[in-house]
Amino acid sequence: ASLSVADITSAGISNQVIGVSYSDNSGVRIASIGPGDILVTGPNNYSNLVELTAVDLVTDGTPRTATYAIKPPLGFWRSIDNGSYQITLQTGEVTDIYGNAVGASYLGAFSVNIPSSQ
């Protein structure tokens, strides 16, 4: 799995959208991509399973790119949310067409760096 994410530098954004591309020699099982795939942790004890919003293709195969939305701690990203947020794929959530599950893996991080005047 590989991650596509941008940092947040402006207040008022309601979701942080990320893309995760899944690849496998035999093909990714689309039905295994869903809620609970990705955990985001960060400052102030932030911990949240992200919401799946879309998958680029609706049939099994490889690669498949899923789009997820990360909810901010209190509805909108603000300067009090500043810091680094870690993105981790959870064990057993995504499988190939034979049922082999991906293990937990660190995908990357994004930063929230909003000026305190916003």
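Guide: A salt bridge is taken here as a side-chain nitrogen of Lys or Arg within 4 Å of a carboxyl oxygen of Asp or Glu. The model under discussion is a predicted one.

Visitor: How many salt bridges does a search of the whole structure find?

Guide: The general idea comes first: side chains of opposite charge can pair when their charged atoms come close. In this structure the search returns two salt bridges. One of them joins D81 to R78, with the closest N and O atoms 4.0 Å apart.

Visitor: Is D81 buried or exposed?

Guide: Buried means under 20% relative accessible area. D81 counts as buried because its relative accessibility is 4%.

Visitor: Which residue forms a salt bridge with K71?

Guide: The partner of K71 is E51, and their closest N and O atoms are 3.6 Å apart. This pair links distant parts of the chain, with K71 in the loop between β6 and β7 and E51 in strand β5, 20 residues apart. K71 is partly exposed, with a relative accessible area of 38%, and E51 is likewise partly exposed, at 40%.

Visitor: Strand β5 has now been mentioned. In what order do the strands of the sheet with β5 stand?

Guide: As a general principle, strands of a sheet pair through backbone hydrogen bonds, either parallel or antiparallel. The sheet in question is open, has four strands in the order β1-β2-β6-β5, and is paired in the antiparallel sense. Strands β1 (2-4) and β5 (51-55) each have a single partner strand and stand at the edges, so one side of each lacks a neighbour in the sheet. From one strand to the next, the twist averages 30 degrees.

Visitor: How many bridges join β2 to β6?

Guide: Seven bridges connect β2 (residues 16-22) with β6 (residues 64-70), and the two strands run antiparallel.

Visitor: Where is D96 placed, and what is the nearest side chain of opposite charge?

Guide: D96 belongs to the loop between β7 (83-89) and β8. The residue is buried yet has no salt bridge, the nearest oppositely charged side chain being that of R29, 6.0 Å away. The cut-off for a salt bridge is 4 Å.

Visitor: With which side chain does D96 make a polar contact?

Guide: The side chain of D96 makes a polar contact of 3.5 Å with the side chain of S26. A polar atom of the D96 side chain also lies 2.9 Å from the backbone nitrogen of N100. Beyond neighbours within four places in sequence, the contacts of D96 are D24, S26, G27, V28 and R29.

Visitor: Which residues are in contact with G103, leaving aside its neighbours within four places in sequence?

Guide: They are L89 and T91. G103 lies in the loop between β7 and β8 and is partly exposed, with a relative accessible area of 37%. Its C-alpha atom is 5.9 Å from that of G92, a residue 11 positions apart along the chain.

Note on methods:
Residues are numbered from 1 along each chain as its sequence is written. This is a predicted model: local features need pLDDT of at least 70, side-chain atom pairs count only at pLDDT 80 or more; totals for chains, interfaces and linings use all residues. Side-chain values use heavy atoms; hydrogens and water are left out. Two strands pair if DSSP finds at least two bridges between them. Axes are lines fitted to C-alpha atoms, for helices over the stretch in contact, and angles run from 0 to 180 degrees between N-to-C directions. Buried means under 20% relative accessible area, exposed over 50%, partly exposed in between (1.4 Å probe, protein chains only). Lys and Arg count as positive and Asp and Glu as negative; His and the chain ends are not counted. A polar contact is a pair of N or O atoms within 3.5 Å; within protein, one must be able to donate a hydrogen and the other to accept it, and residues adjacent in sequence count only if both atoms are side-chain atoms. Contact means heavy atoms within 4.5 Å.
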